[in-house]
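Have a look at the picture first, then go through the points below.

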Amino acid sequence: MKQGLMKWVVILGLVVTWLAVCGCGESRAPFAGNYRSETPFANKGYIKLFLKENGEATWKLEQDPRELKFKWKVEHGQLFLYTREGAIIVATPTEGGRKLTVDMTGDWNPSCPINHCITFSKVAGES
Amino acid sequence: MDAKKTPEPGESSGLKLGHLGQELDVPKGMRVVSQGETPEFFYVIQSGRVRVFRETEDRIRTNLTELGPGSYFGEVALVTGQPRSASVEAIEDAHLVRVSKEEFDRLLDHNPQLARHIIQQLANWLVAGDGRLESETVRQVKMRQISWFDYALTLGLSLILAVVFNLYNDNQIALIHGWGGKDDIQKITLTQGLEYLHQKNAVFVDARKINFFEMRHIKGAIDLPVVFFDLQYPMFQFMLTQMGASKEKPLIVYGGNYSRRFDVDLARLLKEKGHEQVMVFDGDSQGWERSFPVMEKKGKAPGAMPLGLAGLIEWLPVGIFLLLLIPPVRRSPYLSIWCRLILGVIFIEFALSKIMRPAVFAMNVIDYNLTPAWGVNLWSLFLPWAELLGGLFLILGIRTRAAATIIGGMNIIFIIGLVNAIFLGLPINCGCVGEVGEPVNWLKVLKNTGMLFMAIQIFLYDRLFVLDRGGFVWRARAI
């Protein structure tokens, strides 16, 4: 009985480990860094997007004192930004990760809808 | 049972076989007698050991006994003339004496002591068989019994884990959204709203997600999804400026459904931003659809994002569903094991995709528009844990019938939600295994139907590899 139990526990451990590994997403390192929107937003300057490797992210408009915080992960080569309220923003890296196409619809679309799309370029610097 | 042990080992000589029979060497693993075959011989074991067992059509094997030197087997079938009732195989190299039916009959005719002994053994076997039958019946009844305790255990544990985990989760959500919030938003009737519209004296703001806004909205309204408020508010301000609207301009916020009043949430946020006159419609949050001129177009389903392995695993229930159409396979307890394993992995995967970010899942639940507002967050916290425990219980063989019932129940709820969303043309994500890019369609219904049938199969036929079932079940009826 104990042997049987151990067998099941081992199988379960493998399954859960496998699922947990799959669920953690991919490495954030290639996409971490500073990004800046290519066009001004809402007449308040450019958006600065800072993706930290620890999964935190900040979003700041140049002429807006507020800094918005997100969490983010990488999955299937795409970036998922999570808002506090439960919305998801999907960002697709292009040009080898030098650009991010951010879909502001809150859904995944095969190509970013023009009216709801913001393109960011990677810039040097820490913050 | 077609096998006996003589009172004392080595007493085979007491059978007075004399010159009867033929000596036989049987290597380990060889089957001497097969269940169902026509009997021709009676066997006496001189050395070595054999195992007596029965096997059902679906290859479930029951070991009956093991016999050693001095024992004999094969006499029952010879006496009754019926096919062999069990099989016998050598579990170590054995030396047997094989006696033909004619010789066996002669032996009985001239050896009343042996005949009496065989009758005695047969009688003992019948008594022992009755006892075994009774204990097996009791075991089967216990196995098939489920009690409310099983459900209370699974569901109660899920609820407790959900609440405790939420306390320590970075992405914590309130158990009940908006509980205790002040009702400080001005409410107007639809008629008053129409007056504002005709006088062009207010800005109408749609609080729902973009997909819903694009599907249907009040003519001239601005979209400001409450879930993107922080991000989109600067753009909203910019649009108001372009329209020449100051912060004193009345804002009429609408949108929301049975599961969440996005309009009230957004109105509060706008008031916090300094907008002085923010109003929402009183009563039915969706009444504007009937009373106001609206812009409409067909709902656009989200794109289908490749789900990788999770997407492939989701197809397995459809394959199993096809297997269930074959009657002999349908009843197989081995199929139950596969169903448990597949369903378990799928539901654990479902759970892990939701547990960490309940707010995301709550938005999916709201989109379906079937859960009352007070229950959305509770359901969003509870469901992934019920999925996880249900999946684990199925894999481990704990309370599998209860776990299958709960998972089957979930599938029924999912199917209702999916079919409802398809008929209403809701532009929403399934929220099944992925967070986005998982459109609601008939394939999802088919997959969930496959899983429902798997759960039913487990409920009806699962009986192998279960862990301590019946060990600590509170029983509603005595056996």
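In chain B of this predicted model, four strands line up as an open sheet in the order β3-β8-β5-β6, with antiparallel pairing.

**The open sheet**
- Look for the edges of the sheet at β3 (31-33) and β6 (61-67) of chain B, since each of these strands pairs on one side only.
- If you ignore direction, neighbouring strands here are turned by 30° against each other on average.
- One pairing to trace is strand β5 (residues 50-55) of chain B with β6(B), which run antiparallel and are linked over six bridges.

**The nonpolar cores**
- The largest nonpolar core has 115 residues, and the members that touch the most others are V253(B), L266(B) and L343(B).
- Helix α15 (residues 376-396) of chain B is the top contributor to this core, giving 14 residues.
- Which residues does L343(B) contact, if you skip its neighbours within four places in sequence? They are L394(B), I407(B), M451(B), M454(B) and A455(B).
- There's also a second, separate core of 25 residues, with Y43(B), V50(B), L64(B) and F104(B) among them.

**Chain B as a whole**
- You can count 17 helices and 16 strands in chain B.
- The globule rule gives 23 Å for 479 residues, but the radius of gyration of chain B is 36 Å, well over that, so chain B is more spread out than a compact globule.
- Along its principal axes, the C-alpha trace of chain B spans about 120 × 40 × 35 Å.
- Of the 479 residues in chain B, 41% count as buried.
- Take the contacts in chain B between residues at least 6 apart in sequence: 78% of them join residues at least 24 apart.

**Where chain A meets chain B**
- The contact draws on 30 residues from chain A and 37 residues from chain B.
- On the chain A side, the elements giving two or more residues are α1 (2-23), β3 (56-61) and β6 (88-94) of chain A.
- The largest share of that side comes from α1(A), with seven residues.
- Sorted by type, the chain A residues that touch chain B are 17 nonpolar, nine polar and four charged.

Key: Residues are numbered from 1 along each chain as its sequence is written. Chains are lettered from A and ligands numbered from 1 in the order in which they are written. This is a predicted model: local features need pLDDT of at least 70, side-chain atom pairs count only at pLDDT 80 or more; totals for chains, interfaces and linings use all residues. Two residues are in contact if their C-beta atoms, placed from the backbone, lie within 7 Å. Ala, Val, Leu, Ile, Met, Phe, Trp, Tyr, Cys and Pro count as nonpolar, Asp, Glu, Lys and Arg as charged, and the others, Gly among them, as polar. Two strands pair if DSSP finds at least two bridges between them. Axes are lines fitted to C-alpha atoms, for helices over the stretch in contact, and angles run from 0 to 180 degrees between N-to-C directions. A nonpolar core is a set of buried Ala, Val, Leu, Ile, Met, Phe, Trp, Tyr and Cys residues joined through C-beta atoms within 7 Å. A residue is buried if 20 or more other C-beta atoms lie within 10 Å of its own, exposed if 12 or fewer, and partly exposed in between; C-beta atoms are placed from the backbone. The radius of gyration is taken over C-alpha atoms; the globule rule is 2.2 Å times the number of residues to the power 0.38.
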